[in-house]
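Subject: Handover of a structure and notes on it

Dear colleague,

Please find the structure below, handed over for your use. My notes on it follow.

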Amino acid sequence: MAEANLNTVLENVGKEKGIDSEVLVEALEQAILTAARKTFGQERELEAQFNPESGSVDLFLIITVVAEEPVPGVQISFEDAVSLGLVPEEGLEDELHELLFQVWYRSEDADKAKEQEAKFGEVMQLQKAYKKFGRIAAQTAKQVIYQRVREAERDKVFERYKDRKGDIITGTVRRFERGNVIIELDGGAEAILPSREQVSRESYRSGDTIRAYVKDVDRNARGPIVILSRTHRGLLEKLFEKEVPEIDEKIVRVESSAREPGARAKIAVSSRERQVDPVGACVGMKGARVQAVVQELRGEKIDIVPYDDDPARFVCNAIQPAQVSRVIIDAEGHRMELIVPDDKLSLAIGKKGQNVRLASQLTGWRIDIHSESKIAELENRAKMQIASVGGIDDELASLLFRFGWRSVGELAKARADELSQVELIATEDRANEIIAAAQSYLDADAKRREAEKAEQVRRRGLSDEEKIMELPSVGDAQLKQLSEEGISTIDGLAALADDDLEFDNELTTLQVATMRFEARVWLGTLGDEEMPPTEESITAMLATIEAESGAEETQLAE
């Protein structure tokens with residue numbers, strides 16, 4: 001390309017791609033100059049200038065005339081310059097002279113290059129590198145024009161789509177690159193739908209028409225600069241905006257939205273006009289509007305939620321279709337606890353927590369959901385703990401819980417003037433007594449926990465035999481008899497089944513059952529209804545085992 005007339009190339013590219021020819025010329029000059037310095041040496045003083053008459057870039061080498069010892073290829077002594085006729089003999093030796101030599105690198109200038117090499121080769125010190133530079137210059141010119149065309153096209157795409165960020169755009173699937181989908185837009189521009197912005201349930205084929213959300217227009221992106229998304233919640237909001245005229249006219253407003261792309265979405269809407277139902281406007285006649293959005297999202301289920309300025313009401317709306325019995329708000333932690341009927345718990349939580357997760361994203365609140373029975377159990381446990389504080393009976397515990405003190409820890413941090421407002425307390429002196437009692441309870445509880453922790457550490461240091469020997473009914477003889485039956489650990493003893501309590505040695509069934517009970521107590525695995533064994537309970541247990549065994553034998557015989 002460098003040997004051809006670049007005027008025609010620059011003119012055609014300028015017209016077709018809308019690039020100013022001066023921009024291309026400047027880029028060519030700079031590129032040829034950079035390539036020349038790499039070829040001839042970075043220390044050389046070079047100039048590049050486009051020649052419109054020849055349609056090529058002329059390259060010049062500047063040699064400085066000096067009085068001292070010259071640097072080869074960069075400087076020439078005054079005497080040598082005079083002898084070569086480059087400066088007048090009568091010129092002053094201390095004057096600064098700069099000599100300009102044109103570097104002939106084009107093939108059609110080969111004769112001029114040979115003549116110049118013969119006459120000034122020692123001065124210019126090019127070592128015939130200009131022959132190689134001719135090929136480099138041609139390749140450089142081609143690369144520069146190609147690069148500038150690409151940059152100009154990217155700039156045009158950027159200018160065209162920079163204001164469409166956050167909008168919906170339609171294009172045609174053209175090809176696939178490493179999981180990304182390349183989409184052709186109007187005018188031949190390309191956009192990319194990255195794999196991370198694709199819905200896993202959706203598949204695309206070349207030639208498919210696709211609508212997507214413009215997530216970003218990045219001039220510096222590698223590849224297409226228009227970045228699309230099918231997973232962004234903005235796609236949901238923009239689809240409703242296009243389907244619902246009331247949203248476009250600002251009568252109905254989309255307050256927030258949340259999506260789990262391809263599965264389910266929630267969108268909260270409000271109305272500026274009292275007579276306009278925002279949910280009904282989004283649903284449309286016979287569900288036509290919302291169904292159009294569902295169809296575009298390829299079956300994604302959509303819940304349309306009425307927005308409310310009251311956070312509790314908004315959260316209750318967002319958790320639909322489940323009904324909420326009660327709401328507990330923690331404003332400082334920006335958290336809400338929702339209490340729902342037992343039979344609605346799974347509906348409120350949703351499949352794999354989907355419903356509560358979307359509701360949390362939609363409202364911006366952290367949401368915990370509990371069943372009524374679970375909350376009742378927790379409340380009873382909290383009241384029992386409060387009632388265990390000295391000076392507090394069950395009635396006062398229930399009253400304190402109702403007024404917001406839901407644990408002994410909260411009581412210990414209570415203010416006496418606030419606590420004294422409770423009917424059964426009445427005075428600040430009484431309130432201070434309760435606060436002190438609550439603190440004493442916490443201190444005792446902390447000591448108990450420390451003791452338990454120390455006991456756990458002690459037990460971890462015991463051997464298996466030492467653990468069994470800690471049981472009240474086990475001595476050396478019993479330890480040996482247990483070992484004869486293959487029981488060498490306290491866990492093995494605790495795990496004995498009822499029909500394994502009869503040993504072949506001197507240990508009676510009652511003795512073994514007692515040791516099993518003690519082992520479970522020691523391990524903390526005792527059942528809530530399990531009681532210490534007695535002669536009567538052992539007799540009844542053995543009778544039951546014998547009866548069940550007889551029934552099984554009868555069934556097998558039949």
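Pro321 is located in the loop between helix 10 and strand 13 (326-330); helices (H or I, at least four residues) and strands (E, at least two) are DSSP runs, numbered from the N terminus. The peptide bond that leads from Gln320 to Pro321 is cis, and its omega is near 15 degrees.

Before going further, please note that this is a predicted model, in which local features need pLDDT of at least 70 and side-chain atom pairs count only at pLDDT 80 or more, while totals for chains, interfaces and linings use all residues. Residues are numbered from 1 along each chain as its sequence is written, and side-chain values use heavy atoms, with hydrogens and water left out.

Lys250 has a phi near 65 degrees, a positive value in a residue other than glycine. Its place is the loop between helix 7 (245-248) and strand 10. With 55% relative accessibility, Lys250 counts as exposed; the term buried stands for under 20% relative accessible area, exposed for over 50%, and partly exposed for values in between (1.4 Å probe, protein chains only).

Lys352 is not a glycine either, yet its phi is positive, at about 55 degrees. This residue sits in the loop between helix 11 and helix 12, and at 75% relative accessibility Lys352 counts as exposed.

How many of the 10 residues of helix 12 are buried? The number is 7, so helix 12 (residues 354-363) is largely enclosed by the rest of the structure. Its buried residues are Gln354, Asn355, Val356, Leu358, Ala359, Leu362 and Thr363. The cover over these buried residues includes strand 10 (252-260), strand 11 (264-271), strand 12, helix 10 (311-318), helix 11 (345-349) and strand 15 (366-371). Just after helix 12, Gly364 adopts a positive phi of about 85 degrees.

**Charged patches on the surface**

Arg201, Lys301, Lys351 and Lys352 form a positive surface patch. Patches are made of residues with over 30% relative accessible area and no salt bridge, with like charges joined within 9 Å and nonpolar side chains (Val, Leu, Ile, Met, Phe, Trp, Tyr) within 5 Å. Accessible areas come from the Shrake-Rupley method with a 1.4 Å probe, and for residues only the protein chains shown count as cover. Lys and Arg count as positive and Asp and Glu as negative, while His and the chain ends are not counted; the place of a charge is taken as NZ of Lys, CZ of Arg, CG of Asp or CD of Glu.

A patch of negative charge on the surface brings together Asp393, Asp394, Glu395 and Glu423. Of these residues, Asp394 is placed in helix 14 (residues 394-402), and its 59% relative accessibility makes it count as exposed.

**Salt bridges**

The structure contains 34 salt bridges, each being a side-chain nitrogen of Lys or Arg within 4 Å of a carboxyl oxygen of Asp or Glu. One of them joins the side chains of Glu197 and Arg196 (4.0 Å, N to O). Glu197 is buried, at a relative accessible area of 5%, whereas Arg196 is exposed, at 62%.

Another links the side chains of Arg253 and Glu255 (3.9 Å, N to O). Here Arg253 is exposed, with a relative accessible area of 53%, and Glu255 is partly exposed, with 26%.

Arg458 and Glu470 also form a salt bridge, their closest N and O atoms being 2.7 Å apart. Arg458 lies in helix 17 (residues 428-460) and Glu470 in the loop between helix 18 (464-469) and helix 19 (476-484), so this pair ties together parts that are 12 residues apart in sequence. Arg458 counts as partly exposed at 36% relative accessibility, and Glu470 counts as partly exposed at 33%. Elsewhere, salt bridges with shared partners join Glu202, Arg211, Arg230 and Glu296 into one network.

**The loop that holds Ser195**

Ser195 is found in the loop between strand 7 (190-193) and strand 8 (209-217), and is partly exposed, with a relative accessible area of 43%. Leaving aside residues up to four places away in sequence, Ser195 touches Gly179 and Asn180, where contact means heavy atoms within 4.5 Å. The C-alpha atoms of Ser195 and Arg178 are separated by 8.4 Å, and the two residues are 17 apart along the chain.

With kind regards
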